[in-house]
Amino acid sequence: MLFHTFDGIDIPRLGLGTWQLEGDDAYRITLKALEVGYRHIDTAAIYENEEEVGRAIRESGVPREEIFLTTKIWNPRIEKEEHDEAMKESLDKLGTDYVDLILNHWPINDMEIKRQVVPLAKLKEDGHAKLIGVSNYNQEQLLQAVTDCPERLANIQCEYHPMLDQDPILKSARGFDMLFTSYSPIGQGSTLDNPAIERVAEWNKKTPAQVVLRWHLQQANVAAIPRTTSEDHLAANFDIFDFELSAEDMKTIYGLMKPDGRIIDPKWAPKWDTGVTEAA
Ligand SMILES: NC(=O)c1ccc[n+]([C@@H]2O[C@H](COP(=O)([O-])OP(=O)(O)OC[C@H]3O[C@@H](n4cnc5c(N)ncnc54)[C@H](OP(=O)(O)O)[C@@H]3O)[C@@H](O)[C@H]2O)c1
């Protein structure tokens with residue numbers, strides 16, 4: 001496993017995403033992931049699977065302190081500054097005393113950033129979360145958050161895959177030595193039939209998903225949290241530590257970035273940063 005260390009805490013840079021894993025699937029896949037060797041699990045209050053994820057963690061036999069568990073506070077609770085209530089509900093559902101990382105799921109664009117991050121910091125101070133961070137913030141919001149937050153932000157989680165240039169926000173994250181977690185890291189499957197990625201995969205005797213995940217992990221400060229309902233894919237996605245992409249392979253994949261490659265763009269999204277390829 002590769003790790004990013006923040007404030008002495010080792011964060012595994014490959015994790016399991018659990019969005020859209022519902023009911024028994026969330027339980028089954030989380031349990032299987034822990035058996036395969038995953039030690040980083042990403043959930044959120046809005047995924048409505050915290051109970052199943054928590055039950056799988058408890059029944060896995062893996063000591064809680066060996067698992068890096070992330071959850072996220074959903075937007076209306078941030079708006080009402082109900083971080084504390086939301087955190088307690090999540091901990092209750094997860095059946096654990098603490099999470100390793102708590103994130104504000106989205107920025108609230110018309111609300112002062114300070115009011116969004118000060119209550120987040122309190123969750124760390126109260127021992128409910130070891131680390132705190134944000135998700136889907138643009139560069140300007142991230143800078144404001146770092147400035148206004150009384151505790152250090154360890155993480156930003158954003159969409160990132162070979163079809164989406166995220167150079168500006170990645171640079172900011174690295175500047176603050178934060179972990180940048182790529183969500184939708186394989187572009188929800190859309191990157192896998194790309195001929196250039198297929199060629200890199202063939203050359204490395206790996207699958208397209210494996211080379212895309214490896215591409216993430218070969219970038220400084222980057223983690224990836226692929227989601228799957230398939231136990232075969234789950235195992236394959238973890239089998240990426242026995243090879244390395246060449247500089248040429250990395251360049252080929254970087255070359256696919258597009259200005260319109262974003263998949264997740266709800267109406268409450270911030271004004272996204274313009275990537276380098278977009279500016280060109
Ligand atoms: N913070 C946020 O706002 C936010 C937003 C979106 C996502 N996320 C997080 O990021 C995680 C991952 O993102 P995502 O779920 O959007 O997309 P993703 O992980 O990029 O893609 C998931 C899709 O890829 C397929 N897949 C996975 N492994 C595969 C493999 N080895 N071969 C072929 N197909 C494969 C899955 O199908 P199968 O089931 O058939 O394998 C599924 O359809 C989420 O689960 C969530 O935890 C966070």
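**Figure 1. His128 in its loop, between helix 5 and strand 7.** In this predicted model, His128 belongs to the loop that links helix 5 (113-125) to strand 7 (129-135). Helices (H or I, at least four residues) and strands (E, at least two) are DSSP runs, numbered from the N terminus. Is His128 buried or exposed? His128 has a relative accessible area of 16%, so it counts as buried. The cut-offs work like this: buried is under 20% relative accessible area, exposed is over 50%, and partly exposed is in between (1.4 Å probe, protein chains only). Leaving aside residues up to four places away in sequence, His128 touches Asp84, Met87, Lys88, Leu91, Asp97, Tyr98, Val99 and Leu123. Touching, or being in contact, means heavy atoms within 4.5 Å.

A quick word on the ground rules: residues are numbered from 1 along each chain as its sequence is written. Because the model is predicted, local features need pLDDT of at least 70 and side-chain atom pairs count only at pLDDT 80 or more, while totals for chains, interfaces and linings use all residues; side-chain values use heavy atoms, with hydrogens and water left out.

**Figure 2. Helix 6 and its buried residues.** Look along helix 6 (residues 139-148) and you'll find Gln141, Leu142, Ala145 and Asp148 buried. They sit on the same side of helix 6, because they cover an arc of only 140 degrees around the axis. That arc is the one made by the directions from the helix axis to the C-beta atoms. Over on the other side of helix 6, Glu140 and Thr147 are exposed. What do the buried residues of helix 6 pack against? Their partners are helix 5, strand 7, strand 8 (153-159) and helix 7 (167-175).

**Figure 3. Helix 10, with Asn237 among its buried residues.** Helix 10 covers residues 231-238, and Leu234, Asn237 and Phe238 are buried there. These residues share the same side of helix 10, since their arc around the axis is only 95 degrees. Strand 3 (16-17), helix 1 (23-36) and helix 9 (208-217) are what the buried residues of helix 10 pack against. Now zoom in on Asn237, whose relative accessible area is 5%, so it is buried. Not counting residues up to four places away in sequence, Asn237 touches Leu14, Tyr38, Ala209, Leu213, Pro226 and Thr228. Asn237 and Lys32 are 205 residues apart along the chain, yet 13 Å separates their C-alpha atoms.

**Figure 4. Glu59 in helix 2.** Glu59 is part of helix 2, which runs over residues 50-59. With 47% relative accessibility, Glu59 counts as partly exposed. If you skip residues up to four places away in sequence, Glu59 touches Tyr27 and Leu31. How far is Glu59 from Gly15 in space? The gap is 19 Å, C-alpha to C-alpha, and the two are 44 residues apart in sequence.

**Figure 5. Asp7 and Glu48, each with a positive phi.** Most residues other than glycine have a negative phi. Asp7 isn't a glycine, but its phi is positive, at about 50 degrees. You'll find Asp7 in the loop between strand 1 (3-6) and strand 2 (9-12), where its 44% relative accessibility makes it partly exposed. Glu48 also has a positive phi, near 55 degrees, and it is a residue other than glycine. Glu48 lies in the loop between strand 4 (40-42) and helix 2. At 68% relative accessibility, Glu48 counts as exposed.

Figure 6. Along its principal axes, the C-alpha trace spans about 50 × 45 × 35 Å. For 280 residues, a compact globule would have a radius of gyration near 19 Å, and the chain agrees with that at 18 Å. This radius is taken over C-alpha atoms, and the globule rule is 2.2 Å times the number of residues to the power 0.38. Of the 280 residues, 56% count as buried. Among contacts between residues at least 6 apart in sequence, 74% join residues at least 24 apart.
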